[in-house]
Amino acid sequence: METTCKGCGLRFVSVNSRTGRPFKHCDVCKTSLRVRRADRKAAGKCRDCARGAGGKTRCPVCIRRIKASLRRRGRCESCGGANTAPGVICARCALKGIARRSLGDKTRWTEIQQLIETQGFRCAVTGELIAVSETASLDHIVPKNRGGGHESGNLRWVHIVVNRMKNDMTDAELLRWAELLVASRSKLDAQAVTTPPARAWPGGMVARLSS
Ligand SMILES: [Zn+2]
Ligand SMILES: [Zn+2]
Ligand SMILES: [Zn+2]
């Protein structure tokens, strides 16, 4: 397939064997682009526009432009691949992010993917349906600050609301608080609204303050 080079405008034939699509630049322009990018990289500048990039490959302006273009085309903002997930990044990138943040190891994304599949995309605590990038949250069964580790036996997917409530509690503690909530709710419902409030301050404190 013949293509017009984006750099010099000449017609050329060169297909990327990896993607099966034609290259945007002819071989001559590709070489000069590579040299220019290497120079910009060495100087710590943005590879696209040569503005200061603060040690990154691209400047914030170019990153914003590329992300917006990916979003418009329905592609993942992070990897550029096809994105059928609800958010701006694909399920794979979302899982990698969760594995990196929760387990300190993004390569474990396949493991937590299998885990949510095994759970049938349901919260391990409530049985509610959950979805990655929406309502699913990776939980350490024994919380990290209570001695729980990152091993697979200590992991499960729960609804994000459950994980917020659980925070650094154990299952037993969470259940205890849930029971207290339900009990208190029914008691309040049964109680007449006219019941006088209990004394707000310990005895003597108000007198001491006013004397
Ligand atoms: Zn060219
Ligand atoms: Zn730039
Ligand atoms: Zn992605």
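How far apart do the C-alpha centres of domain 1 and domain 2 lie? They lie 47 Å apart. To see this, colour residues 1–42 as domain 1 and 91–187 as domain 2; these bounds come from an automatic or database domain assignment.

Before going further, some ground rules. This is a predicted model, in which local features need pLDDT of at least 70 and side-chain atom pairs count only at pLDDT 80 or more, while totals for chains, interfaces and linings use all residues. Residues are numbered from 1 along each chain as its sequence is written, and chains are lettered from A and ligands numbered from 1 in the order in which they are written.

**Colour by confidence.** pLDDT is the predictor's confidence in each residue, from 0 to 100. Its mean over the protein is 90, and 91% of residues reach 70 or more. Helices (H or I, at least four residues) and strands (E, at least two) are DSSP runs, numbered from the N terminus.

**Select helix α4, residues 109–118.** W109, I112 and I116 are buried here (20 or more other C-beta atoms within 10 Å of the residue's own; exposed is 12 or fewer, partly exposed in between, with C-beta atoms placed from the backbone). Viewed down the axis of α4, the buried residues fall within an arc of 70°, so they line one face of the helix; the arc is that of the directions from the helix axis to the C-beta atoms. T110, Q114, E117 and T118 are exposed on the other side. The cover over the buried residues includes α3 (91–103), β3 (136–140) and β4. After α4 comes G120, with a positive phi near 65°.

The axes of α3 and α4 are 8 Å apart, and the helices pack at an angle of about 110° (axes are lines fitted to C-alpha atoms, for helices over the stretch in contact; angles run from 0 to 180 degrees between N-to-C directions). That makes the two helices roughly perpendicular, a term for angles of 65 to 115 degrees. R92, L95, K96, I98 and A99 of α3 make the contact with W109, I112 and Q113 of α4 (contact: C-beta atoms, placed from the backbone, within 7 Å).

**Move to G52.** Is G52 buried or exposed? G52 has 12 C-beta neighbours inside 10 Å, so it counts as exposed. This residue lies in the loop between α1 (27–42) and α2 (60–72). Leaving out residues up to four places away in sequence, G52 touches K45 and C59.

Terms used: Contact = placed C-beta atoms within 7 Å. Parallel < 35°, antiparallel > 145°, perpendicular 65-115°, else oblique.
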